Amino acid sequence: MIAIPTKSSHTGQDYLPKNVTETTKRSPNQSLLPLTAKINPHDHLEIGGCDLKTLVQQFGSPLYILDETTLRTACQQYRDNFKTYYQGESQVIYASKAWSCLAVVGVIAKENLGFDVVSGGELYTTQKALSQLGYSCQEIAQKIYFHGNNKSVVELEQAIEVGCTIIVDNWLELETLAQLGNSSPNRTIPILIRLTPGIECHTHEYIRTGHLDSKFGFDPNQLEAVFTYLTEHKSLDCRGLHAHIGSQIFEKQPHQDLAGVLVEWLKIGQEYGLTLPELNIGGGLGICYTEEDDPPSIEEWVKAVSEAVMKACKRSEIPLPKLIAEPGRSLIGSACVTAYTVGSRKEIPEIRTYIAVDGGMSDNPRPITYQSAYRVVLGNKMSAEINETVTVAGKHCESGDILIKDAQLPQTHPGDILVIMGTGAYNYSMASNYNRLPRPAAVLVHNGEANLILRRESYDDLIRQDCLPQKLLS
Ligand code: LLP
């Protein structure tokens with residue numbers, strides 16, 4: 001847990017990562033601000049060596065600011081800790097649903113991670129980025145895993161064309177793939193089977209049940225029929241099993257239990273004569289959105305998962321599978337902040353003070369969707385004393401468009417820069433054009449340099465797909 005001092009001495013400084021000299025030793029998911037966050041002599045917040053006020057002057061607001069060091073550090077910690085703690089082969093793949101765009105794929109690919117994609121669009125983005133970076137078709141195929149509970153035939157054909165591993169979710173998909181496989185007899189289709197393991201996580205607690213009410217994956221009682229089917233359909237090269245139990249999880253036990261369940265099923269599958277050399281444990285490690293959040297570090301999580309898989313394999317007397325993990329939020333969530341410009345203020349005496357910013361539920365739909373809590377600092381006055389409780393509202397025509405209820409801030413004025421932390425995961429990727437707001441720009445910051453990675457949408461972008469029927473023009 002991050003210790004925030006009591007209110008009297010409370011300023012934006014309290015949110016900074018401690019021990020900045022040890023930056024890359026910290027676990028990014030345990031930090032509210034990106035690892036490179038600093039206060040510069042102008043009392044402005046600086047990330048990746050870039051002054052946030054200057055970034056807003058240059059690129060406008062709202063602005064997503066993604067710190068390359070934090071993102072790369074998270075990738076390295078996952079990758080290197082699996083090498084340290086797991087005695088078999090391992091691979092970390094980024095759940096690109098958290099934020100999919102060419103530059104994010106590019107940075108993560110440079111750290112040698114693979115990618116989990118869940119739609120033709122994510123597959124296309126990832127493939128485009130990797131081929132522009134110079135990866136061969138074979139390397140691209142090996143890096144991508146394709147998820148989804150209702151992939152279309154077109155998407156399946158796209159995946160077969162790329163040659164990536166398809167994570168099969170249900171009977172329809174399995175049968176469709178077998179048919180597609182028969183029509184091209186010279187190749188086999190690499191697949192994993194997704195199962196619903198009976199372990200359900202609700203952020204701070206979890207339950208184990210025999211059956212789960214989930215739209216994803218095969219129920220365990222269908223698995224033996226699936227194994228039989230696979231032995232009869234040689235065009236499908238089943239590489240192993242997959243399960244994902246939830247997101248923003250703060251405990252290690254659910255994934256340790258999951259390891260045990262998956263290894264038992266690997267053994268059963270191997271008894272059917274399938275080799276099943278891979279085990280994909282999903283993602284789910286949580287991050288700090290507030291000082292009350294207390295997730296394990298990436299290292300603690302990787303160690304717990306690795307040991308659980310090795311122990312289960314020893315017990316079941318099967319060889320160590322290639323262990324795959326597919327984190328999203330804990331790789332990118334803490335690497336990004338969103339900068340907004342403060343606008344209007346409404347004071348309702350003895351009830352509430354609202355301050356409005358120039359974005360809202362369209363660039364961060366998580367508060368209105370999940371009642372998610374965030375923390376905020378005044379990026380242009382980091383040392384100002386926090387002396388106000390205000391509600392940070394978006395600019396959408398919807399009363400629920402509140403980014404932070406009861407935020408603690410210094411006195412703010414129109415034009416000030418508000419910086420909301422922990423916006424790297426599921427913000428841009430779930431952003432919309434509600435009220436026809438153009439989606440924000442994003443910059444990648446590193447060593448004092450800011451590179452535009454997503455252009456701000458223009459009004460022309462907003463009407464790009466609109467069509468006026470001819471009959472209205474006459
Ligand atoms: N693998 C699978 C199959 C998944 O469904 C997910 C996330 C992940 C991996 C990555 O999980 P993570 O490491 O990010 O927890 N929109 C929600 C989160 C939805 C997560 C869906 N699946 C949010 O904003 O909190």
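User: Why is N112 called exposed?

Analyst: N112 has a relative accessible area of 56%. Exposed means over 50%, buried under 20%, and partly exposed in between (1.4 Å probe, protein chains only). N112 is therefore exposed. This is a predicted model, where local features need pLDDT of at least 70, side-chain atom pairs count only at pLDDT 80 or more, and totals for chains, interfaces and linings use all residues. Residues are numbered from 1 along each chain as its sequence is written, and side-chain values use heavy atoms, leaving out hydrogens and water.

User: Where is N112 found?

Analyst: N112 sits in the loop between α3 and β6 (114-117). Helices are DSSP runs of H or I with at least four residues, strands are E runs of at least two, and both are numbered from the N terminus. N112 follows α3 and has a positive phi, near 70°.

User: Which residues does N112 touch, not counting residues up to four places away in sequence?

Analyst: N112 touches R79 and K143. Contact means heavy atoms within 4.5 Å. G134 is 22 residues from N112 along the chain, and their C-alpha atoms are separated by 13 Å.

User: Which residues of helix α3 are buried?

Analyst: In α3 (residues 102-110), they are V104, V105, G106, V107, I108 and A109.

User: What makes E278 and R239 a salt bridge?

Analyst: The N to O distance between their side chains is 3.7 Å. A salt bridge is a side-chain nitrogen of Lys or Arg within 4 Å of a carboxyl oxygen of Asp or Glu, so the pair qualifies. It links distant parts of the chain: E278 is in strand β13 (residues 278-280), R239 is in strand β12 (residues 236-242), and they are 39 residues apart. By this rule the count comes to 19 salt bridges.

User: Why can such side chains pair at all?

Analyst: Side chains of opposite charge can pair when their charged atoms come close.

User: Is E278 buried or exposed, and how do you know?

Analyst: E278 has a relative accessible area of 5%, so E278 is buried.

User: What makes D461 and R464 a salt bridge?

Analyst: The N to O distance between the side chains of D461 and R464 is 3.9 Å. D461 is at 30% relative accessibility, so D461 counts as partly exposed. R464 is at 58%, so R464 counts as exposed.

User: Why are α7 and α8 called roughly parallel?

Analyst: Their axes come within 12 Å and cross at roughly 5°. Axes are lines fitted to C-alpha atoms, for helices over the stretch in contact, and angles run from 0 to 180 degrees between N-to-C directions. Angles under 35 degrees count as roughly parallel, over 145 as roughly antiparallel, 65 to 115 as roughly perpendicular and the rest as oblique. The two helices are therefore roughly parallel. The contact is made by W171, L174, E175 and A178 of α7, and by A225, V226, Y229 and L230 of α8. Helix α7 covers residues 171-183, and α8 covers residues 223-232.

User: Why does I404 count as buried?

Analyst: I404 is at 5% relative accessibility, so it counts as buried. I404 is in strand β19 (residues 402-409). Leaving aside neighbours within four places in sequence, I404 is in contact with Y374, R375, V376, V390, T391, V392 and I420. The C-alpha atoms of I404 and P367 are separated by 7.5 Å, and these residues are 37 apart along the chain.

User: How do you know that S316 is buried?

Analyst: S316 has a relative accessible area of 11%, so S316 is buried. S316 lies in helix α10 (residues 298-316). Not counting residues up to four places away in sequence, S316 touches V263 and K267.

User: Why does L473 count as exposed?

Analyst: L473 is at 53% relative accessibility, so L473 counts as exposed. L473 is in helix α14 (residues 470-473).
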